[in-house]
Amino acid sequence: MKVTLNTLKKLKGKEKITAITAYDALFGGIFDGEVDIILVGDSLSMSFGGNSDTLPLSLQDMLYHAKAVRRAVKSSFLIADMPFGTYNTIDEALHNATFLYKKSGVDALKLEVNESKIPIIKELVNNGFAIMSHIGLMPQFFRFDGGYKIKGKNNDEKQKLLDLALKLQDCGVFSLLIEATKSDIATEITKKLEIPTIGIGSGNGTDGQILVWSDAFGFYDEFSPKFVRKYLNGKDLLKEAINKYANDVKSSNFPNKDESY
Ligand code: KIV
């Protein structure tokens, strides 16, 4: 059954929401229907693009990946990230969001949001975009922040996060993603909001959880934050398989008679 925005709203307080990233049709198709939400995250800039942060990803890059995932995802709710620098002003945000939304056919867009971006979010929602806001640690601020810094560490930060979350709900976003934020404040935000929260590295009190698939399945080990649980040793398994294949070719063991015409 197709997961819709209403399905997600109804899950709040009843059942945890499951989410994972995907960047292509192959893995989008494997994950489809297994989780409620699939996100074409700009983390693809690192795990698939080989960059050291999410900033180099362009709107065209995102469109290419979002279209590929869209072709395979029929049942899970599909969200795409707006890349860094594509929503600095209201006009730019409306223009680029329209381009990505129309051409990719995703169900919703996700934007990293601080206080100054609230008018942009309001305008997008008023123009009919389904928007998830990303708060807490925002990877697009990596260079500005001088690294990945846990958020909500003191009372001032906690209060600011709560205020921001409430304002975003008032703007009409359908959900919040809360990244690398102290569990107590992520839980408090979740309790105070009517819309669902999805956490990553923000404890167990949010309405749902998301992981970057290449982290969760052990394919990307250049950076491994403590909140990632590895569900597969993907890299090791794949290395073993590619070695077997290479050895079989070198030793003329592949192809055999049954594998030949
Ligand atoms: O880009 C991404 O993968 C994200 C994660 C926090 C899920 O936004």
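This is a predicted model: local features need pLDDT of at least 70, side-chain atom pairs count only at pLDDT 80 or more; totals for chains, interfaces and linings use all residues.

Biologist: Which way does strand 7 pair with strand 6, and over how many bridges?
Modeller: Strand 6 covers residues 175–179, and its pairing with strand 7 is parallel, over 4 bridges. Take L176 as an example: its bridge partner in strand 7 is T197.

Biologist: Zoom out. What do the strands build, and in what order?
Modeller: A closed barrel of 8 strands. The order is 1-2-3-4-5-6-7-8, with parallel pairing. From one strand to the next, the twist averages 25 degrees.

Biologist: And strands 2 and 3, how many bridges there?
Modeller: Strand 2 (residues 37–40) and strand 3 (residues 77–81) run parallel and are joined by 4 bridges. L39 has I79 in strand 3 as its bridge partner.

Biologist: Now helices. Which strands does helix 9 touch?
Modeller: Helix 9, residues 183–192, packs on the sheet and touches strand 5 (131–136), strand 6 and strand 7. The direction of helix 9 makes about 175 degrees with that of strand 6.

Biologist: How about helix 5 and helix 6? At what angle do they cross?
Modeller: Roughly 40 degrees, with the axes coming within 9 Å. Helix 5 is residues 90–104 and helix 6 is residues 118–126. The crossing is right-handed.

Biologist: Which residues meet there?
Modeller: From helix 5, I90, A93, L94 and A97. From helix 6, P119, I120, E123 and L124. By class, that contact has 7 nonpolar residues, no polar ones and 1 charged.

Biologist: Switching topic: Q159. Where does it lie?
Modeller: Q159 is in helix 8, residues 155–171.

Biologist: What does its relative accessibility make it?
Modeller: Partly exposed, because Q159 has 42% relative accessibility and that class runs between 20% and 50%.

Biologist: What separates Q159 from V125?
Modeller: They are 34 residues apart along the chain, and 24 Å separates their C-alpha atoms.

Methods. Residues are numbered from 1 along each chain as its sequence is written. Side-chain values use heavy atoms; hydrogens and water are left out. Axes are lines fitted to C-alpha atoms, for helices over the stretch in contact, and angles run from 0 to 180 degrees between N-to-C directions. Helices (H or I, at least four residues) and strands (E, at least two) are DSSP runs, numbered from the N terminus. A crossing is left-handed if the near helix is turned anticlockwise from the far one by less than a right angle, and right-handed if clockwise. Contact means heavy atoms within 4.5 Å. Ala, Val, Leu, Ile, Met, Phe, Trp, Tyr, Cys and Pro count as nonpolar, Asp, Glu, Lys and Arg as charged, and the others, Gly among them, as polar. Buried means under 20% relative accessible area, exposed over 50%, partly exposed in between (1.4 Å probe, protein chains only). Two strands pair if DSSP finds at least two bridges between them.
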